[in-house]
Amino acid sequence: SCLINAESGSGQCGPEPVLLFANRIDIRQVLPHRSEYTLLLNNLENAIALDFHHSKELVFWSDVTLDRIMKANLNGSNVEEVVSTGLESPGGLAIDWIHDKLYWTDSGTSRIEVANLDGTHRKVLIWQSMEKPRAIALHPIEGKIYWTDWGNTPRIEYANMDGSGRRIIADTNLFWPNGLTIDYAGHRMYWVDAKHHVIERADLDGKNRKAIIRLPHPFAITVFEDSLYWTDWHTKSINSANKFTGKNQEIIRNKLHFPMDIHTLHPQRQPAGGRNRCGPNNGGCSHLCLPSNKAFTCACPTGFRKVDQYNCLDKFLLFARRTDIRRISFDTEDMSDDVIPLADVRNAVALDWDSRDGHIYWTDVTTDSISRALWNGSKQEVVVDTSLESPAGLAVDWVTHKVYWTDAGTDRIEVSNADGSMRTVLIWENLDRPRDIVVDPIGGFMYWTDWGANPKIERAGMDASSRIVIISTNLTWPNGLAIDYQTERLYWADAGMKTIEFGNFDGSNRQVLIGSQLPHPFGLTLHEDKIYWTDWQSKSIQSADKMTGLGRSTLAENLENLMDIHMFHLQTPCLVNNGGCSHLCLLAPAPKGSSCACPTGINLQVSCTFCIYSGLIMPSSAHTCIDRPSSGFLFLGKVYWSDSTLKKISRANINGSGQEDIISSGLVTTDGLAVDSVGRKIYWTDTGTNRIEVANLNGSMRKVLVWRNLDSPRAIALYHEMGYMYWTDWGEHAKLERAGMDGSDRVVLISNNLGWPNGLAVDKAGSQLLWADAHTERIEASDLNGLNRRTLVSPVQHPYGLTLLGPHIYWTDWQSRSIQRADKTTGTNIITIRSNLPGLMDIEAVDRERPLGFNRCGRRNGGCSHLCLPRPNGTSCACPTGVLLKSDGRSCEEMPETYLLFSNRVSVRRISLDTPDHTDVHVPVPELHNVISLDYDSVDGKLYYTDVSLDVIRRVNLDGSGMETVVSQGLKTTDGLAVDWVARNMYWTDTGRNTIEVSRLDGSARKVLVNNSLDEPRAIAVFPSKGSGVCVCVCMGCFCSVVSINGPYRRVHLDSFNNAYILQHLLLSQKVSECSNVNKCVVQCNPE
C-alpha cells in the first residue's frame, strides 16, 4: 500500500523508513515518526561514514581511528573487515547496489577508490587534482559518482563511475561541504556546508542552485520523499525539514554522542529498476566491470596492466625484506616499490606467487611458518605452521596448485596442496642445509640448492623420483635459483663465489653470466629478457640481460635485509581430473608425465591411484594440520583432538577439511581422549577439572561419569566389547583404574611403582593392558585385571603417547623427539619410525580394514531416550549432566528440578542440585558481552539478565531461543536485577544513575522508585507475597536499604558484609515470607 501526499504528489510505499546513522562509538537506527531508537553495532572506535546494501541486507562503515572499512549484516551479526590497509582518513562511503561495488573517499591519501563488496579488486579511481575529498554519493542508474572536496579550493564534482567524464559542478560559496545526497525521484542533489551553516540543493548538473535551511553545524544529510534528514555536530541531534521549503523543522533525536553520517534505510533509496550494465557475466571483464555513462568499462585493480578491452595482466616483481614484502609494478613509469599490507611478518625469507588465484606465499623463519595472502594483502592466512624449523626455500607449482618447500632445520623437502592440506615429505635423506627450490611443472622436475658441507645443486622429479646431483663443483653458498622456461636454462647465484651462473637443466654447458661487482647475491628471478637479483651487501635490486649479463641497472637501492625475489609465470593447467589421483597428483619427467602420491602415513593402493588410510595419527606432528592438540583419535574418516590452549575438543576430516568444535565450554586441560567407534561416543579426561566425561560424537548429551577421587587423570582407553574404560592418574598417588563405560564398577588395577603414567592402550587380541611411564622410563604390560605385570621396554627417555597396530606398539618420545616402534609381546626389535619431530604429543593407530564390531546400543539406542552406555554385563541408560533418570530406568527428565544459575560475564551457567556431581553446564544464551545480574521467572521459564556493555535488560528461554530486549534506553550500569514472579514486575538498580526502577516484565510501565540518598546501589532482591505487597532489599556498600511498595524507604547500617551472601541467605532460609510492614523488612535485612 502507498500513502500519497496531495501537495507534492509523492508517496510512501512499502515498509516504514528507518534512519541509519553513525554515532562514532556505535551505529544506531531511529524511526523518524516514532522516535524508536535501537542499537545496531556498538564498541566501535570512530565510525564516520556508512552506507547500506538493502537487497543483500548489509551495512558498511568506515572507521578513521582504525583506518578500516567494515561490513556487517543489518541485524548486527557477522562483522568483517573489507578494507584494512592503505587507508588514512576514509571519510566518505557509497554502495553501488546495482553492480555491487564499494566506493570511498580518503582525504588522507587524496583518492577515490573502488572495490568489490568484499574488498577485492581494489582500484584507485581518481587521484589527480584531488585535495580533501569528503562526502560521496552514487547514481548507479545513470552511472554517475558525485563527491565533495573541502581542500584549498572547495568544490563539488561528478564523473562517470569508471572515473571518466570528470566535471566540476559547484565551486563558489563553498567552504566545508560535508554531507551529500541524491534525490533520485526529484533528480536533484542536496549538500550541507558546515562553515556556511547551510543546506543547499541543485540539479544534478549543478544548475538551479538554492539555499534551503540555515543551521549550526550540519555534517551529513539524507533525503526520503518530501523530507530532508541531517545530523548536526553542534546540537548533537538528528533533525528533519521539508525538502522543498525548509520548513516544518523537527528534532528527531537529540543528546546523541557524536552523530556522523546518516542514511534512510528503505528500498526506495536503492531503486531496483536500474539496468545492470555489466550483466550476469561481469561484462566479460577479467577483473572490474564499472558502469559509465551509457555502457561499462573493464578496469584493472591498481598495479595490474590492461592487455585488451576485457583482460588485465598482473605483472609484479615481488621481493621480501625480512619484516615486509614489497612489489614493483611494471605498469608504472617510475617502477616505484610499495609495501604489500601484511600482518605479523617477522622474518620473511622465501616467497613465490600462484598466478591461478593471485595468492602470494612466503616463509617466515622466526615464526617457522608458511603463509599466503592475495596480491593486495587481503585474505591473509597461515598455510603451514607445524614441524618447521628453517623454511628457507619455497616454490609454487601453478599447474597442479601445490607448494614445495625446503627446511634447513629438519633437512627435508616437503609438498602440500596450496592450502596446506595433504602435506607429505618428499626427500629427507642425504640433505644438508637445503636452501632455495624451484619447480618446472611443464618438465616435471624440481631443482634445489644445498649449501651444507658439500655444496651442490640437485634435481628430481616433482614426485621425488629420478634424483641426481647436477652441479657439485665450484660452489660455496649456492643461494637463489631461477628457471628460464623459454631457453630451458637453470640460473643460480652463489654468494661465496660472488657469481651468477647458468646451465642446462642437466647441469651441462655451465657458464658464468655475471662475475663481478656481486658482493652477496641472494634471491634470483627472470622476466622476459631480464634477470633480476637481490644483494645483501649492496642493499639493492639489480637487473641485467639474461643472455649476456650486460645492460646492468639498479631498480631499487638502500633496502636493508633484502631476501628472495620472484616474478610469476602464467601457465595453463596441464592436468585433468587431478590426474585420476584420489589425493596428490605430482608431475614427473617424461614419459611418465605424472604420478599419484599420498600424504605421509597413508598407503597407495595397488592401482596406484587411490590412497587408503592405514597407519598412525599424530597430533602436532608433521603429517596433520591440527593446531596444538594434546590428544587425538580418528573415527569414520574424522580425526578428533583436544586442544588445552584453546580449551576445546574438535574434529575434522582426515584431509583437514570440515573442521568443527564439538566441545567448547567447561574444559580446562583435556589430556586424554578416546572415541568409542562402535557406540559412537567420545570420552575424555580433564586434569584441570578432575573429571572423566562422555558425549555423543557431535558433543551433544554431555555427561560427567567420574569425578570423585580423581587427581590428574591423563590417558584413557576403551574396550567396547567388554564394556570397560581404563585410565591413568598421575596425581600424588599415581594409579591405573578401570570402570564400566557408564562409570560403574570402578576399581583400581595398579597403584604401586607408578610415576607419570602417560600413554595407555588396550591390546584386545593379546588381552593385555600397555602403558608408558615417563618417570620410571618404562613401557609396561599386564593382563586386563592388572595382574601379571611385566616390563616391555626399558629404558625409554620420556614416552608420552602409546598405541598398537598389528604386532607392534608405537610411542612418541618428548626427549628424543621421535616415534618409536617395538614388538608388542617381547618389546624387542626397537626401531625409530621418524625423528626430529618437535612438539610430539598423542599418537593413535588406524586400521581401516579392521571391522568395527557389534554395537550393544545399536538397536533403538538400547531403549534409552538419551545416552546408552556399555557396561561389563550389558548396557545402561544415562542422562546428560545434572538431569535425573526417571524411574523407568530408560528416559530422562527434561530439566533439573532444582538448580543454580550464575553468570561469568560472557556466559550463563547452570549447576544442578539434583545430582551429586554439581557440574556447571553451559546455558546457550547468545550475544553475551558483560552480564552482571540475572534472575529467573519460573512461571514463564524465562531468564532475565542485564548486560552493562550493551546497556540493556534482556530475557531469553533457557534453551537460548526467544531472546528479546525488554529495556534498551536510559540505562548506565544495571548491577542488580530481581523478578517479582507474583505481580509480574521486575526491579533493577542502576549504579551509574543511582536509581532503583521497576517495570512490567516486558519493559512497559517503567517507573523510578528511588532516586535520592542512593550511593552506588548494587544487589537487589524482592520477596513477593500474595495479597501483602512487595519488599525490596537493596545492598550498597555497607548499607542494606529496604523499599516497600506500600511503605517508606528505610536504611539499616551493616558492618562489612558480603551482599550476595546476605541476599542468598535470606532467600534460601526463607526468613522473609511476608512484607506487610516495612519494619519487618528492615529486621530481616539485618544479618543480626
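The following questions and answers walk through a predicted model of one protein chain.

Biologist: What should I know about how the values are made, and from which number are residues counted?

Modeller: This is a predicted model, where local features need pLDDT of at least 70, side-chain atom pairs count only at pLDDT 80 or more, and totals for chains, interfaces and linings use all residues. Side-chain values use heavy atoms, with hydrogens and water left out, and residues are numbered along each chain as its sequence is written, from 1.

Biologist: How many helices and strands are there in the protein chain?

Modeller: Both kinds of element are DSSP runs, numbered from the N terminus: helices are H or I with at least four residues, strands are E with at least two. By that rule the protein chain has two helices and 96 strands.

Biologist: What percentage of the residues in the protein chain is buried?

Modeller: Buried means under 20% relative accessible area, exposed means over 50%, and partly exposed is in between (1.4 Å probe, protein chains only). The protein chain has 1088 residues, and the buried share of them is 57%.

Biologist: Which residues form a nonpolar patch on the surface?

Modeller: A patch takes residues with over 30% relative accessible area and no salt bridge; like charges are joined within 9 Å, and nonpolar side chains (Val, Leu, Ile, Met, Phe, Trp, Tyr) within 5 Å. A salt bridge is a side-chain nitrogen of Lys or Arg within 4 Å of a carboxyl oxygen of Asp or Glu. The nonpolar patch has about 260 Å² of accessible area together, and its members are V939, W981 and V982.

Biologist: Is V939 buried or exposed?

Modeller: V939 sits in the loop between strand 85 (931-937) and strand 86 (942-947). Its relative accessibility is 53%, so V939 counts as exposed.

Biologist: How many disulfides does a search of the whole structure find?

Modeller: A disulfide is a pair of cysteine sulfur atoms within 2.5 Å. Searching the whole structure gives five.

Biologist: What is the angle about the S-S bond in the link of C857 and C868?

Modeller: The sulfur atoms of C857 and C868 are 2.0 Å apart. C857 is in the loop between strand 79 (844-847) and strand 80 (867-871), while C868 is in strand 80, 11 residues apart. Both C857 and C868 are buried. Their link is left-handed, at -75 degrees.

Biologist: Why is the disulfide of C864 and C877 left-handed?

Modeller: The S to S distance of C864 and C877 is 1.9 Å. C864 lies in the loop between strand 79 and strand 80, and C877 in strand 81 (residues 874-878), so the pair ties together parts 13 residues apart in sequence. The disulfide is left-handed because the torsion about the S-S bond of C864 and C877 is about -80 degrees.

Biologist: Why does C879 count as buried?

Modeller: C879 forms a disulfide with C892, their sulfur atoms 2.1 Å apart. C892 is buried, with a relative accessible area of 7%. C879 counts as buried because its relative accessibility is 2%.

Biologist: With which side chain does the side chain of E113 make a polar contact?

Modeller: E113 lies in strand 12 (residues 111-116), and at 2% relative accessibility E113 counts as buried. A polar contact is a pair of N or O atoms within 3.5 Å; within protein, one must be able to donate a hydrogen and the other to accept it, and residues adjacent in sequence count only if both atoms are side-chain atoms. At 2.7 Å, the partner of E113 is R122.

Biologist: Which residue does a cis peptide bond join to S794?

Modeller: Most peptide bonds are trans. Here omega is about -5 degrees, and the cis bond joins S794 to P795.

Biologist: What is phi of H197 near?

Modeller: Most residues other than glycine have a negative phi. H197 lies in the loop between strand 19 (188-193) and strand 20 (198-203). Its phi is positive, near 55 degrees.

Methods. Areas by Shrake-Rupley, 256 points an atom, 1.4 Å probe, with all protein chains shown as cover.
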